[in-house]
Amino acid sequence: MNISTRFAVAIHILTLIDSNKEGKSTSEWIAGSVNTNPVVIRRLTSMLQKAGLVTARPGVAGASLSRSSAEITLLQIYKAVNAVEEDSLFSVHEHPNPECPVGKNIASAIVPVFSLAQKAMENVLQEVTLEQIVNEMPEI
């Protein structure tokens, strides 16, 4: 019932790639930092590549950012890894009692609020760049 960890891991991946401009950012190296399997990293890197955020070639070690970290927003990353479907950040329980006046009307009362809350969060993500995240890292 929460945002997929793919979002946080994707930010981690891109932050590592940005901080390792002179080295090779292999899936094995990134996986060591994320503490996960390199297959997970390759899967997410593929999603980031399809979104135009990274450049990577199958069979060639290493990935790089497709553009500067200042030009990549957290919203772009969020959307690239399908962290959550549109208007589905918050779920409404299924099958409330249709005989109950609250049960039959609760979804129509709260779904618009949930949608506004998701839009507000996405607006914040649009204003934060990967560069800002990189700059928060004390040892980079």
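The model is predicted, so local features need pLDDT of at least 70, side-chain atom pairs count only at pLDDT 80 or more, and totals for chains, interfaces and linings use all residues. Residues are numbered from 1 along each chain as its sequence is written, and side-chain values use heavy atoms, with hydrogens and water left out.

Begin with the nonpolar core. The term stands for a set of buried Ala, Val, Leu, Ile, Met, Phe, Trp, Tyr and Cys residues joined through side-chain atoms within 4.5 Å. Buried means under 20% relative accessible area, exposed means over 50%, and partly exposed is in between, using a 1.4 Å probe and protein chains only. In soluble globular proteins, nonpolar side chains tend to be buried together. Here the largest nonpolar core has 33 residues. Which of them touch the most other members? They are Phe7, Ile13, Leu48, Ile77 and Val81. The elements that give two or more residues to this core are α1, α2, α3, β1 (54-57), β2 (60-65), α4 and α6 (130-135). These labels come from DSSP runs, numbered from the N terminus: helices are H or I with at least four residues, and strands are E with at least two. Helix α1 gives the largest share of the core, eight residues.

Look at Ile77 next. Contact means heavy atoms within 4.5 Å. Leaving aside neighbours within four places in sequence, Ile77 is in contact with Phe7, Ala10, Ile11, Leu14, Leu48, Leu53, Ile72 and Leu130.

Now see how two helices meet. The axes of α1 and α3 come within 10 Å and cross at roughly 85°. An axis is a line fitted to C-alpha atoms, for helices over the stretch in contact, and angles run from 0 to 180 degrees between N-to-C directions. Angles under 35 degrees count as roughly parallel, over 145 as roughly antiparallel, 65 to 115 as roughly perpendicular and the rest as oblique. Helices α1 and α3 are therefore roughly perpendicular to each other. On the α1 side, the contact is made by Arg6, Val9, Ala10, Ile13 and Leu14. On the α3 side, Ile41, Leu44, Thr45, Met47 and Leu48 take part.

Turn to the aromatic rings. A pair of aromatic rings is described by the distance of the centres and the angle of the planes. Rings of Phe, Tyr and Trp (its six-membered ring) pair if their centres lie within 6.5 Å; planes under 30 degrees apart count as stacked, over 60 as edge-to-face and the rest as tilted. The count comes to two aromatic pairs. Phe7 and Tyr78 form an edge-to-face pair, with 5.3 Å from centre to centre and 80° between the planes. This pair links distant parts of the chain: Phe7 is in helix α1 (residues 6-19) and Tyr78 is in helix α4 (residues 74-80), 71 residues apart. Phe7 is buried, at 11% relative accessible area. Tyr78 is buried too, at 2%.

The other pair is Phe90 with Phe114, and it is tilted: 5.0 Å centre to centre, 35° between the planes. Phe90 lies in the loop between α4 and α5 (106-127) and Phe114 in helix α5, so the pair ties together parts that are 24 residues apart in sequence. Buried or exposed? Phe90 is partly exposed at 38%, and Phe114 is partly exposed at 24%.

Charged side chains come next. A salt bridge is a side-chain nitrogen of Lys or Arg within 4 Å of a carboxyl oxygen of Asp or Glu. The count is three salt bridges. Asp18 forms one with Lys21, and their closest N and O atoms are 3.2 Å apart. Asp18 is buried at 9% relative accessibility, while Lys21 is exposed at 61%.

Glu28 and Arg42 meet in a salt bridge at 3.3 Å, N to O. Glu28 lies in helix α2 (residues 27-34) and Arg42 in helix α3 (residues 38-50), so the pair ties together parts that are 14 residues apart in sequence. Glu28 is partly exposed at 48%. Arg42 is partly exposed at 41%.

Lys119 and Glu122 also form a salt bridge, at 3.6 Å, N to O. They are three residues apart in helix α5, and so separated by about one helical turn. Lys119 is partly exposed at 40%, but Glu122 is buried at 8%.
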